[in-house]
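Here is my note on the model, point by point. Please keep the structure open while you read.

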Amino acid sequence: MARTCLAVVLAAGDATRMKSSRSKVLHTVGNLPLIAHVTRAAAAAGVSKIALVVGRDAALVAETARSGHDVPVATVEQTERKGTGHAVLMAREIINEGFDDIVVLYGDAPLINPESLLAAISQRASGADIVVLGFRAADPTGYGRLIERDGELIAIREHKEASADERAIDFCNGGVITFSGTEAASLLEAIGNDNAKGEYYLTDIVEIARTRGLKCVAIEASEEDMMGCNTRAELAEIEAVWQARARHAAMLSGVSMIDPASVFLSHDTELGNDVTIEPNVWFGPGVSVGAAATIHAYSHLEGADIGPGAMIGPFARLRPGTELAAKTKVGNFCEIKKAKIGAGAKVNHLSYIGDAVVGAGANIGAGTITCNYDGQNKHVTEVGAGTFIGSNSSLVAPVRIGDGAYVGSGSVITLDVPDNALAIGRARQETKPGRAERLREKIAAIKALTKKA
Ligand code: UD1
Ligand code: CA
């Protein structure tokens with residue numbers, strides 16, 4: 001029979017060093033909140049339930065923790081911060097529902113991978129009472145040290161309590177600890193707070209278990225996987241690791257990046273085969289790019305569905321609700337928002353297309369603007385298939401330009417244009433022969449007069 005596992009995710013810390021008005025676990029990596037990385041990893045490892053221990057922003061943290069997977073999440077509040085052991089005990093009632101395994105995770109360590117969790121759980125299945133995920137720290141200062149003897153873990157010593165000999169150990173507690181669901185409550189209740197910080201240290205559970213004859217082991221994970229976030233500088237380091245991994249995976253899946261280090265991806269970025277991404281491109285949440293599309297340098301994309309073979313940028317901005325069909329072109333200094341652009345249509349230079357539907361093969365001239373907002377409401381512009389919109393036109397919504405229509409450059413279009421009609425909405429040009437010279441003389445005379453005065 002499959003084992004049942006409860007993940008207890010700790011997310012109630014004060015996080016004072018983040019100097020933030022919101023909970024630390026709502027800060028993002030790859031545009032996904034830290035807490036969602038952790039709960040999704042737990043779900044991917046197959047846990048049966050998640051107990052979330054929260055402090056501030058409880059409702060939003062809980063909602064975020066539930067997104068993107070279907071494992072039930074129960075929340076408990078820790079109103080006073082009394083240490084990791086105390087935090088886990090907040091979930092006592094849920095623990096007592098009865099699980100084979102309890103795995104404790106930190107909400108601020110988003111790089112934890114499901115394979116490491118599975119490795120820990122499988123050690124439990126093969127006879128270890130407590131399994132701790134450790135890592136070799138380049139600089140172990142501040143971490144709990146894993147003290148081993150004869151292949152077993154005999155204690156975790158917090159840095160502040162550690163002797164000089166113990167501090168020389170570089171094998172550190174990564175924060176993931178698994179133990180038996182049936183013994184959990186009794187082990188946790190035995191933890192005291194007689195230590196340098198006056199906190200209930202979860203890590204004391206190892207020595208307590210040893211006095212009861214239980215077997216504890218540590219297994220090694222990579223230092224990167226165990227990275228936790230205490231400051232915004234550490235958040236940026238975690239982001240760098242996450243981005244490097246995401247770019248590497250994208251390249252292995254058939255995406256070309258000329259200068260990968262300058263490309264920023266989101267957790268949900270979808271990139272098709274043979275997509276090319278030039279330097280300095282930012283992918284916000286919700287972008288998918290079809291096969292063989294090219295994203296030129298300095299483009300800023302979010303909430304956009306980009307069809308196969310499309311050419312975007314350089315310097316394009318795609319905002320949420322953008323849907324570009326196959327082989328569309330959106331060129332430099334164009335902004336597209338909540339607009340569908342049909343197959344093969346071109347918006348090549350300096351345009352704003354918002355709240356619009358543009359038909360296949362349309363050509364939107366340089367500087368075309370959809371005037372979608374009247375100060376109170378947004379209105380829709382419809383541009384038919386195969387239309388030609390002359391440069392520097394303003395399309396004042398709501399307005400419809402029919403299929404195959406032609407709009408003269410510099411037009412301000414306020415009325416619907418039927419299919420195949422030519423619309424010109426600008427003042428007729430007047431040309432006055434010889435008047436330039438007279439005008440020049442007049443200006444010079446005025447200038448001379450004002451100088452004398
Ligand atoms: C902890 C471990 C240490 C380990 C290190 C790895 C303990 C006592 N120490 O130290 O061995 O090497 O993590 O990063 O466990 N939290 C609560 N409520 C509390 C206290 C903490 O929810 O009352 C949460 C925090 O939000 C955080 C996590 O628990 O997500 C760890 O707490 P933190 O204070 O950062 O522990 P460390 O001192 O880093
Ligand atoms: Ca920490």
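**Notes on the model**

1. Start with Thr-387. Leaving aside neighbours within four places in sequence, Thr-387 is in contact with Gly-361, Ala-362, Asn-363, Ile-401, Gly-402, Asp-403, Gly-404 and Ala-405. Bear in mind that this is a predicted model.

2. Where does Thr-387 sit? Its place is in the loop between strand E30 (381-383) and strand E31 (388-389). Is Thr-387 buried or exposed? Its relative accessibility is 1%, so Thr-387 counts as buried; the cut-off for buried is under 20%. The side chain of Thr-387 also has a polar atom 3.0 Å from the backbone oxygen of Gly-384.

3. Strand E34 (residues 406-407) is joined to E36 by two bridges, and the two strands run parallel. Val-407 stands opposite Ala-423 in E36.

4. Helix H9 deserves a check of its length. H9 covers residues 232-252, which is 21 residues. At 1.5 Å a residue, the helix should span 30 Å. Just after H9, Gly-254 takes a positive phi of about 110°.

5. Which residues of H9 are buried? They are Leu-235, Ile-238, Glu-239, Val-241, Trp-242, Gln-243, Ala-246, Arg-247 and Ala-250. An α-helix has 3.6 residues a turn, so residues three or four places apart point the same way. Keep that in mind when you view the helix. The buried residues of H9 pack against strand E2 (28-29), helix H1 (34-44), strand E12, strand E13 (263-264) and strand E14 (270-271).

6. Turn to strand E10. Ten of its ten residues are buried, so the strand is mostly covered by the cut-off of under 20% relative accessible area. Strand E6 (101-106) is joined to E10 by four bridges, and the two run antiparallel. Ile-102 stands opposite Phe-179 in E10.

7. E10 has another partner to look at. Strand E7 (residues 130-136) pairs with E10 in the antiparallel sense, over seven bridges. Val-132 has Ile-177 in E10 as its bridge partner.

8. Now for the empty space. Rolling a probe the size of a water molecule over the atoms shows where empty space is left. The largest pocket holds about 1400 Å³ of space. It is lined by 46 residues. Arg-17, Arg-81, Tyr-106, Asp-108 and Asn-230 lie nearest its centre. Strand E1 (5-11), helix H3 (84-89), strand E10 (171-180) and H9 are the elements that give two or more residues to this lining. E10 gives the most, with three residues.

9. How many cavities of 30 Å³ or more does a search of the whole structure find? The search finds one. About 40 Å³ of space lies in the largest cavity. Its lining consists of Leu-105, Tyr-106, Ala-109, Ile-112, Gly-174, Gly-175, Val-176 and Met-226. E6 and E10 each supply at least two residues of that lining. The largest share, three residues, comes from E10.

Note on methods: Residues numbered from 1 in each chain as written. Chains lettered and ligands numbered in written order. Predicted model: local features only at pLDDT ≥ 70, side-chain atom pairs only at ≥ 80, totals over all residues. Heavy atoms only, no water. Pairing = 2+ DSSP bridges. Expected span 1.5 Å × (residues − 1). Buried < 20%, exposed > 50% of the residue type's maximum accessible area, 1.4 Å probe, protein only. Contact = heavy atoms within 4.5 Å. Polar contact = N/O pair within 3.5 Å; in protein donor to acceptor, adjacent residues only side chain to side chain. 1 Å grid on protein atoms, 1.4 Å probe; cavity = no way out; pocket = protein on both sides within 12 Å on 5 of 7 lines; lining within 4 Å. Points joined across faces, edges and corners; volume = space filled by probe spheres on them.
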